[in-house]
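Subject: A structure for you to look at

Hello,

I am passing on a structure that you have not worked with before. Please have a look at it first, and then read my notes below.

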Amino acid sequence: MSQEFYQFLPNTPPPADILQCHQLTFEFRQEVQSRDNFKQYCQWYKETAKQHQEELTKMRHDVNFLGWFLRR
């Protein structure tokens with residue numbers, strides 16, 4: 001009777017296949033993480049650039065006191 005159950009048990013894959021699957025999974029997770037990091041960096045860069053452009057626009061409309069003192 002115990003022999004009948006052995007046919008239902010899956011064959012274990014060779015250790016090389018297990019390691020290859022593990023390596024592939026690790027590389028996939030690493031790629032996903034690096035893409036997420038890059039996406040976050042791009043978002044941060046876009047927000048920072050927008051903030052700097054707004055500050056530059058405000059500075060252009062400010063009074064140029066240094067220009068008054070340097071005029072002859």
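Helices here are DSSP runs of H or I with at least four residues, and they are numbered from the N terminus. Read that way along the sequence, the chain has the pattern α-α-α. In total there are three helices and zero strands.

Please keep in mind that this is a predicted model. The mean pLDDT of the chain is 86, and 86% of the residues reach 70 or more. Confidence is highest in helix H2, at 94, and lowest in helix H1 (residues 2-6), where the mean is 62.

The chain has 72 residues, of which 3% count as buried. Its accessible surface comes to about 8000 Å², and carbon and sulfur atoms hold 59% of that. Part of the surface is a nonpolar patch of about 510 Å², made by Phe38, Tyr41, Trp44 and Tyr45.

Some of these names come back when we turn to the aromatic rings. A pair of aromatic rings is described by the distance of the centres and the angle of the planes. How many aromatic pairs does a search of the whole structure find? The search finds three. One of them joins Tyr41 and Tyr45: the ring centres are 6.1 Å apart and the planes stand at 40 degrees, so the pair counts as tilted. Helix H2 itself covers residues 15-61. Tyr41 is partly exposed, because its relative accessible area is 44%. Through ring pairs, Tyr41, Trp44 and Tyr45 are linked into a cluster.

Next, the charged side chains. Side chains of opposite charge can pair when their charged atoms come close. How many salt bridges does the count come to? The count comes to one salt bridge, and the side chains that meet in it are those of Glu31 and Arg35, at 2.8 Å from N to O. Are the two partners buried or exposed? Glu31 has 38% relative accessibility and therefore counts as partly exposed, while Arg35, at 56%, counts as exposed.

Last, the cysteines. A disulfide is a covalent bond between the sulfur atoms of two cysteines. The structure holds zero disulfides. Cys21 counts as partly exposed because its relative accessibility is 47%. Cys42 also counts as partly exposed, at 33% relative accessibility.

Do write back if you have any questions.

Best wishes

Conventions:
Residues are numbered from 1 along each chain as its sequence is written. This is a predicted model: local features need pLDDT of at least 70, side-chain atom pairs count only at pLDDT 80 or more; totals for chains, interfaces and linings use all residues. Side-chain values use heavy atoms; hydrogens and water are left out. Patches are made of residues with over 30% relative accessible area and no salt bridge: like charges are joined within 9 Å, nonpolar side chains (Val, Leu, Ile, Met, Phe, Trp, Tyr) within 5 Å. Accessible areas come from the Shrake-Rupley method with a 1.4 Å probe; for residues, only the protein chains shown count as cover. A salt bridge is a side-chain nitrogen of Lys or Arg within 4 Å of a carboxyl oxygen of Asp or Glu. Helices (H or I, at least four residues) and strands (E, at least two) are DSSP runs, numbered from the N terminus. A disulfide is a pair of cysteine sulfur atoms within 2.5 Å. Buried means under 20% relative accessible area, exposed over 50%, partly exposed in between (1.4 Å probe, protein chains only). Rings of Phe, Tyr and Trp (its six-membered ring) pair if their centres lie within 6.5 Å; planes under 30 degrees apart count as stacked, over 60 as edge-to-face and the rest as tilted. pLDDT is the predictor's confidence in each residue, from 0 to 100.
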